[in-house]
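The sequence and structure are shown first.

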Amino acid sequence: MAVYRVAVIPGDGIGPEVIEEGIRVLSAAGEHFGFGLEWEHFPWGCGYYLQTGHVMPPDGLSILHDFDAIYLGAVGLPGQVPEEVGVRDLVLAIRFGFEQFANVRPVRPLPGAPFPLKHVQPQEVDFVVVREATECLYVGLGGRYQPGDRQFEAVRHLRPTFARSREIALQTGVYSEAGCRRVMQYAFVLACQRGGRRLVSSATKTNAMAFGMKLWDDIFAEVAAAYPDVGAEWQNVDAMAMRFVTEPQRFDVVVAGNIFGDILTDLAAALVGGLGFAPGANYSLTGPSMFEPPHGSAPDIAGRGCANPVAAILSGAMLLRHLGEGEAAAAVEEAVARVVAGGQTRTPDAGGTGTTAQVGSAVVAALRRSGGHWGTRDAD
Ligand code: NAD
Ligand code: MN
């Protein structure tokens, strides 16, 4: 029997609440399909920072390195820990450290989930955003500078506001040829595998960012030329944001840089019923990949047991597929779809009164109910 080792970082706020349900569901899937999951928990995050002064131990990455996958809830304790600490020193450190360059966020509304558009049917919408997750404005380069600093004086003359400020901040975006090419190739291959409209839409903004986005566009044209069977188009990211609302059915695969993809995917989450329903994964070709719902620690609802675990459970299904357990992944997705369509068990974000644990139990029950014909693959 295959046994997979998964590093679990539940994190802060609703992170531990939703990850607990994900683990229950994935473990139940393992029992049904005849594979084992060994969960090793790491109590890292902003709570850990309050106790130790760091969000993960200095050798955190080498601890994670040998796991088959990482399952992350969310980090962040705004008001208690500086906002940049959790995301930068944990989430981004892991993404950068393991070169998890492809942040993949499917946008497929489930029947029964809240759907905000009147002019489109939910079943017409089925696309995926591939966000480059290691470069761009999130690389962490820059600084804050005062008059007299070399960096300040170099830009002082560019704007009246710069000249009369007591401080400026530089936040530098870095885009690389290899980084663009890698994520774009990933997007084109995904469009082939999906076998749908076979269209890759690139989110750009060359009119205002003529260095970084021009490099992005140039590489996109090169990569697109290597996939003649797949359509390619570029759209300015602002217009694309509008089209996510006006005609989301036209998209198949969207490829975007780090910050554009971050914003577009929270917008896209509204199409699937909100952040509580939107899954995500960060794929690496060289180290462990990480599976995490795109939502944050949701301090406004944390501790009440009412967070929607669907995003975390569906991220867990992506984890199973990555481990090679595609049948189990599909079964988890089907069980979630059945619970959402049934409508009896919903958390408040979906208009119900159910708890996080009740939704998790309903998914486990749906998984078990339809389990009869699966049998157990005990021979491989
Ligand atoms: P958020 O995603 O935590 O919350 C945004 C809104 O969506 C809130 O109203 C919240 O209640 C709701 N929501 C989110 N997930 C939900 C769920 N599963 N069920 C029901 N409702 C849900 O974003 P935010 O408020 O901008 O950030 C809160 C904290 O999380 C901050 O500290 C931020 O830095 C951090 N954060 C961490 C990650 C990460 O760990 N990857 C990602 C985003 C934000
Ligand atoms: Mn985000």
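The model is a predicted one. Arg5, the partner of Glu40 in a salt bridge, has its closest nitrogen 3.7 Å from the closest oxygen of Glu40. Because Arg5 belongs to strand 1 (residues 3-11) and Glu40 to strand 2 (residues 36-41), the pair ties together parts that are 35 residues apart in sequence. Arg5 is likewise partly exposed, at a relative accessible area of 32%.

## A salt bridge between a helix and a loop

Arg194 and Asp252 also meet through their side chains in a salt bridge, with an N to O distance of 2.9 Å. Arg194 lies in helix 7 (residues 177-194), whereas Asp252 lies in the loop between helix 9 (237-246) and strand 10 (253-256), so this pair links parts that are 58 residues apart in sequence.

The two partners fall into separate accessibility classes. Arg194 is partly exposed, with a relative accessible area of 31%, while Asp252 is buried, with a relative accessibility of 1%.

## A network of charged residues

Side chains of opposite charge can pair when their charged atoms come close. One such pair is Arg250 with Glu247, a salt bridge in which the closest N and O atoms are 3.7 Å apart. Both residues are partly exposed: Arg250 has a relative accessible area of 25%, and Glu247 one of 31%. Through shared partners, salt bridges join Glu247 and Arg250 with Glu233 and Arg243 into one network.

The model contains 20 salt bridges by the criterion applied.

Oxygen atoms of ligand 1 take part in several polar contacts with the protein. A polar side-chain atom of Glu83 is 2.6 Å from a ligand 1 oxygen, and a polar side-chain atom of Asp300 is 2.8 Å from a ligand 1 oxygen. Ser297 contributes through its backbone, with a polar atom 3.0 Å from an oxygen of ligand 1. Ligand 1 taken alone exposes 810 Å², and the protein buries 73% of that area.

Key. Residues numbered from 1 in each chain as written. Chains lettered and ligands numbered in written order. Predicted model: local features only at pLDDT ≥ 70, side-chain atom pairs only at ≥ 80, totals over all residues. Heavy atoms only, no water. Polar contact = N/O pair within 3.5 Å; in protein donor to acceptor, adjacent residues only side chain to side chain. Areas by Shrake-Rupley, 256 points an atom, 1.4 Å probe, with all protein chains shown as cover. Salt bridge = Lys/Arg side-chain N within 4 Å of Asp/Glu carboxyl O. Helix = DSSP H or I, 4+ residues; strand = E, 2+ residues; numbered from the N terminus. Buried < 20%, exposed > 50% of the residue type's maximum accessible area, 1.4 Å probe, protein only.
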